[in-house]
Amino acid sequence: MTDTATRHRPTSLARLRRPPSWTALAAGTLLGGLLGGAYGVFTPVTYTATSYVVAVPTSKSTPEAARGFAQAYGRVATQLAVLGDAQVWAGVPVRTLRDNVRAATSPDAPMVAVSATSSRPALAVDMANAVSRALTQHAEHTKGSTEVRLVQFSRAVRPGEPTSASPTVTTLVGASAGGLLGGLALLARPRRTGRDGASLPHGPSVPGPATAADVSGQR
């Protein structure tokens with residue numbers, strides 16, 4: 001009886017010292033939420049403005065050719081040949097345009113969307129319109145060989161709301177990611193083993209049914 005009590009006492013103390021298994025999940029959720037909230041608070045708010053230009057075929061070209069050249073102009077919209085002219089109207093260096101301006105095209109329409117991102121809404125508008133203007137002029141110089149012109153379809157307007165995520169959204173995303181990592185760590189933790197190396201059961205063991213030999217022996 002004494003040996004049994006002595007053997008159970010360190011096990012009880014170990015259980016008291018060992019934190020519950022769900023603490024990894026709670027800690028991951030809390031840490032992820034704090035990191036996500038800090039990211040949302042300290043990251044500058046950004047705004048995005050978008051202008052559109054459309055490729056128009058001349059009398060010697062076809063709509064299919066216009067769609068093809070729209071794809072090509074979408075690829076060169078952020079190249080140095082276009083951005084070098086756009087920096088004059090935008091009032092920012094070429095590097096700023098290259099880092100904050102993106103162009104997108106559609107396979108179904110001969111249109112190029114030029115989007116600019118900045119912490120100042122007015123600057124985002126200026127950059128998007130400047131790149132669109134430079135792109136249309138670049139296409140105008142080559143229309144003799146391409147038989148396609150680029151026309152301003154829609155100028156960029158001042159954005160009313162930021163496009164960057166709010167601190168609330170970043171907090172929720174961070175908490176979700178932290179909880180997921182905590183759950184994975186909980187699943188990957190090694191199981192407790194006894195002195196002989198066998199895994200300890202999570203609950204009380206249930207004795208198995210007695211065999212016929214055991215029953216006859218007890219008689």
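**Close-up views of a predicted model**

**View 1. Surroundings of Leu-150 in the predicted model.** Leaving aside residues up to four places away in sequence, Leu-150 touches Val-53, Val-54, Ala-55, Tyr-73, Leu-135, Thr-136 and Ala-139; the model shown is a predicted one. Leu-150 also belongs to the largest nonpolar core, a set of 31 residues, where Leu-97, Val-101, Met-127, Val-131, Leu-135 and Leu-150 are the ones that touch the most other members.

View 2. Helix α6 provides the largest share, with ten residues. In soluble globular proteins, nonpolar side chains tend to be buried together.

**View 3. The aromatic pair in helix α3.** One aromatic pair is present in the structure, and because the ring centres of Phe-69 and Tyr-73 are 6.4 Å apart with their planes at 35 degrees, the pair is classed as tilted. Phe-69 and Tyr-73 are separated by about one helical turn, since the two residues stand four apart in helix α3 (residues 63-76). Tyr-73 is buried, with a relative accessible area of 6%, whereas Phe-69, at 28% relative accessibility, counts as partly exposed. Tyr-73 is also among the residues that Leu-150 touches.

**View 4. Ser-61 in the loop between β1 and α3****.** When residues up to four places away in sequence are not counted, Ser-61 touches Glu-147 and Val-148. Its relative accessibility is 17%, and Ser-61 therefore counts as buried, the limit for that class being under 20%.

**View 5. A nonpolar patch on the surface****.** The patch is formed by Leu-180, Leu-181, Leu-184 and Leu-187, which together have about 480 Å² of accessible area. Leu-184, one of these residues, lies in helix α8 (residues 167-188) and counts as partly exposed at 48% relative accessibility.

**View 6. The whole chain, for orientation.** The chain contains nine helices and four strands, which follow one another along the sequence in the pattern α-α-β-α-α-α-β-β-α-α-β-α-α. Of the 219 residues in the chain, 26% are buried, and the chain exposes about 14,500 Å², of which carbon and sulfur atoms supply 60%. Among contacts in the chain with a separation of 6 or more, 75% are accounted for by residues 24 or more positions apart.

Notes:
Residues numbered from 1 in each chain as written. Predicted model: local features only at pLDDT ≥ 70, side-chain atom pairs only at ≥ 80, totals over all residues. Heavy atoms only, no water. Phe/Tyr/Trp six-rings, centres within 6.5 Å; stacked < 30°, edge-to-face > 60°. Buried < 20%, exposed > 50% of the residue type's maximum accessible area, 1.4 Å probe, protein only. Core = buried A, V, L, I, M, F, W, Y, C linked by side-chain atoms within 4.5 Å. Contact = heavy atoms within 4.5 Å. Patch = residues over 30% accessible without salt bridge, like charges linked within 9 Å, V, L, I, M, F, W, Y side chains within 5 Å. Areas by Shrake-Rupley, 256 points an atom, 1.4 Å probe, with all protein chains shown as cover. Salt bridge = Lys/Arg side-chain N within 4 Å of Asp/Glu carboxyl O.
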